[in-house]
Amino acid sequence: MSQSNEAREAVGDYKAGWHDPENSTIRFDFGLSEKVVRDISELKNEPEWMTEMRLKAYRHFVERPMPTWGNSEILDGIDFDNVCYFLRSSDETGESWEDVPEDIRNTFERLGIPEAEQKWLSGVTAQYESETVYHSIREDLESQGVIFLDMDSGLREHEDIVKRYFGTVIPFSDNKFSALNTAVWSGGSFIYVPKGVSVEMPVQAYFRINAKNMGQFERTLIIADEGSSIHYVEGCTAPTYSTDSLHSAVVELIALPGAHIRYTTVQNWSNNVYNLVTKRGVAHENSKIEWVDGNIGSKLTMKYPAVILKGEGSHAEVISVAYAGAGQHQDAGAKVHHLASNTTSNILSKSISKDGGRGSYRGMAKVMPKAENCRMNIVCDALILDEGSRSDTYPTMEVGNASAHCEHEASVSKVGDEQLFYLMSRGHTEAEALGMIVNGFFEPFTKELPMEYAVELNKLMALEMEGSIG
Amino acid sequence: MDSSSEYLSLEEPNRAVHLWRYTPWKRVHPTGNIRDIPDEVSAPKLSLSCIEGEIPDGVRLIHGSGKVEGLPETDATTSSFMRAITEESSWTVEVDPGFNAGKTVVLEIDAGSSISAVHVCLKIGRHANLELVTLVKGDCEWMGLLRTGTSGEGSNTSDVVVNLMDGGTLLRVDAIHIDRDSQVTAGTISSGSEMTKSDLRYRMGEPGGNLNVLGSILSANEMSLDHHIEIHHDAPETYSRLDWHSACGGNSKTVGTGMLRVAEGSRGADAAQLFQNLLISESAQADSIPELEVSENEVVGCGHGTASGPVDEDQLFYLGTRGLSSEQAKSMLIAAFLNSTLTEMGSQEMHDWLVEMLSDDLVSLGT
């Protein structure tokens, strides 16, 4: 039996669960130390301020205890000494797929990235382990001044912009995992959209972990200047191993006055990946930030995309779906802080728990005392499909201004027998009927996705529903 | 292990949990030193009466309290501390099986010294029908009220606690077991004390339990009111509703945290909770955290909601067109908002009595 067939047999229905032989050009030993942090920075030939920031973040990470909220049982299982913090698979970032090493190129071809790029994307960056191996952007966008680079190149080529914004939305001291990311970050995307430029087609980043016990710590910074707009899509997969990998990203968005940023994630890590991500955006006057966040994979996800509504008239939108299957805990949610007057926010969260999985919504919605006439609306719906599965909702609403209108509602239910009966009376099997109901449940999310992603997600969910009844 | 040892063996409560996030234990503790169990705790005066007429046969106040089975088992900080300081001051309200007097029974607790605490245990007999108002009043720096109890099988109880303290701090800890096929309406009216911390826990450990938790909270001036309500569905075919209305004026701060927990095996559970905050003044603050943990898929439905907002402009305008001044209209709307939960707490007799008692506070809240 070939290696990839063996892997596929082991991973079952998880289509992205195969792995390639590891051909690294540089691989650090397991474990984290100040030397590892210095070595990463030196290897990338970074300016001194970045090295200093990394070291401060590392010290903060070491001192800061693990969070005591959330699923401590799973979280405490992370062995930080058994993680590889840097692995370089390719000596350079290719600008055409031919420049990418063949085995890595094959991986991305199997994942359908080059095909998607030709059809419907403005630019693509593909990260394999710690660094970007492929990167491209449409020429017309480049000529309009749009910068779309991997973060390492962004720091090299646009140090002034990076220095101005890096860590301003999410400082390293924000939480233990933002400190870890700041200490050992590598890869990720750097985007700057100039004033008034509207990037019509999405840009995409694809993140792949291939090696065992790998840590991936990409760092993304998106700045949309006044009146500009951009849609960024990211996808992620990893092979299934019996040992765990760690993914801890930090994403910072800055929407300057009148700008619009949409950030879409379809997270489909294998079930041995800890996915501990900090995502936050700052919205200035009359700007809009949207997080469209799908969590299908991983062992434990802790991710609460946040928006700071700093400018008057700004708006936040979060649509989040999560599927928690066997052995998974999707601890997802959203945070919105209304700092300025006349700001509005909408949060829609949907989750499905099945085969003993646990789906949690954890949110924070806050209106500051000086923010007049704010409005927020939060809706959480959850489906529990079988015995032993679990759904939780932990929303927090803090209202410090009397003119605010704030609403939150949540419901947990099972799939209605009458819905199943109706669809089966029309000739569908139980599994098909359930698949349709689940796809309908997720529809507010899928309709916001680019078509190819939506089709793929619907297929994936139908596959997950097979054999779930009877 | 006795209660004092149990309390001292506990670690400082984790502020990451919502029970302690907004009002930490250190702020509520009578001396501020959480390793301390104060010696000099006086017992408040307790008396049992009726709104109208004599106390009927079949209900009595007895010194001392027994162990109650089936109580919720979560964070033991408040319960072990309260047990430790009320060992000499515990009482039982005992209600005979089949009791049905058609009267509202009033338990008055009058606290007078610097630190007072009492443990009241409710023992409600099978198929009893009881309407009980517990009135907490007096001028006391720190008052602790521990209430434990069980509703007898098939009983029907309206259990309303009214806080009318002149100032100071009230720590209220409830642990109530709802027995098979029994119905409990648990009402809270808060209009006194500068600081209130309530840790209210209800457990439906037998099938057919029915619980309706209601709150009418008047928060004014510099008050800080923090109510935590846990409802545990630990048996099949159980039903619960929570409707919590807080009117927030002055520079006050109100917090409502709810935990609705449906355990695996609680098939047919039907649970919902709703927190509503009416923000009356610019500097008032209201925080709501209704949490939900559901581990059973065969539920009728589980949900929660929270809403915060100012007095509705359209309603004010409508009342203005009917000749009311804006102050009158505002007071009327605030009263209606609080009354919507108050009316559900018990009989008309009890409702009228409570409204009369609270009318001055309602007027001052709206102005």
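## Strand pairing across the two chains

Strand S24 (residues 405-413) of chain A and S18(B) run antiparallel and are joined by seven bridges. Strands count as paired if DSSP finds at least two bridges between them. Helices (H or I, at least four residues) and strands (E, at least two) are DSSP runs, numbered from the N terminus. Within this pairing, A:Ala410 has B:His304 as its bridge partner in S18(B), and A:Val412 has B:Cys302.

S18(B) also pairs inside its own chain: 10 bridges join S16(B) to S18(B), and these two strands run parallel. In that pairing B:Gln276 stands opposite B:Ala307 of S18(B).

## Basis of the model

This is a predicted model, in which local features need pLDDT of at least 70, side-chain atom pairs count only at pLDDT 80 or more, and totals for chains, interfaces and linings use all residues. Residues are numbered from 1 along each chain as its sequence is written, while chains are lettered from A and ligands numbered from 1 in the order in which they are written.

The model scores ipTM 0.80 and pTM 0.86. Chain B has a mean pLDDT of 92, with 99% of its residues at 70 or more; pLDDT is the predictor's confidence in each residue, from 0 to 100. Among the elements of chain B, strand S8 (residues 156-163) has the highest mean pLDDT (97) and helix H7 (residues 348-366) the lowest (84).

## The contact between the chains

Chain B gives 33 residues to the contact and chain A gives 32 residues. Two residues are in contact if their C-beta atoms, placed from the backbone, lie within 7 Å. On the side of chain B that touches chain A, strands S16 (270-279), S17 (285-294) and S18 (301-310) each supply at least two residues. That side of chain B has 13 nonpolar, 14 polar and six charged residues. Ala, Val, Leu, Ile, Met, Phe, Trp, Tyr, Cys and Pro count as nonpolar, Asp, Glu, Lys and Arg as charged, and the others, Gly among them, as polar.

## Chain A as a whole

Chain A has 14 helices and 24 strands. Its C-alpha atoms fill a box of roughly 65 × 65 × 45 Å along the principal axes.

Of the 470 residues in chain A, 56% are buried. A residue is buried if 20 or more other C-beta atoms, placed from the backbone, lie within 10 Å of its own, exposed if 12 or fewer, and partly exposed in between. Among contacts in chain A with a separation of 6 or more, 82% are between residues 24 or more positions apart.

## Selected local features

A:Met50 is in helix H3 (residues 48-63) of chain A. A:Met50 counts as partly exposed because it has 19 C-beta neighbours inside 10 Å. Leaving aside neighbours within four places in sequence, A:Met50 is in contact with A:Ser41 and A:Leu155.

A:Asn286 is not a glycine, but has a positive phi of about 55°. A:Asn286 lies in the loop between strand S14 (273-283) and strand S15 (288-295) of chain A. B:His127, also not a glycine, has a positive phi of about 55° and is found in the loop between strand S5 (115-124) and strand S6 (129-138) of chain B.
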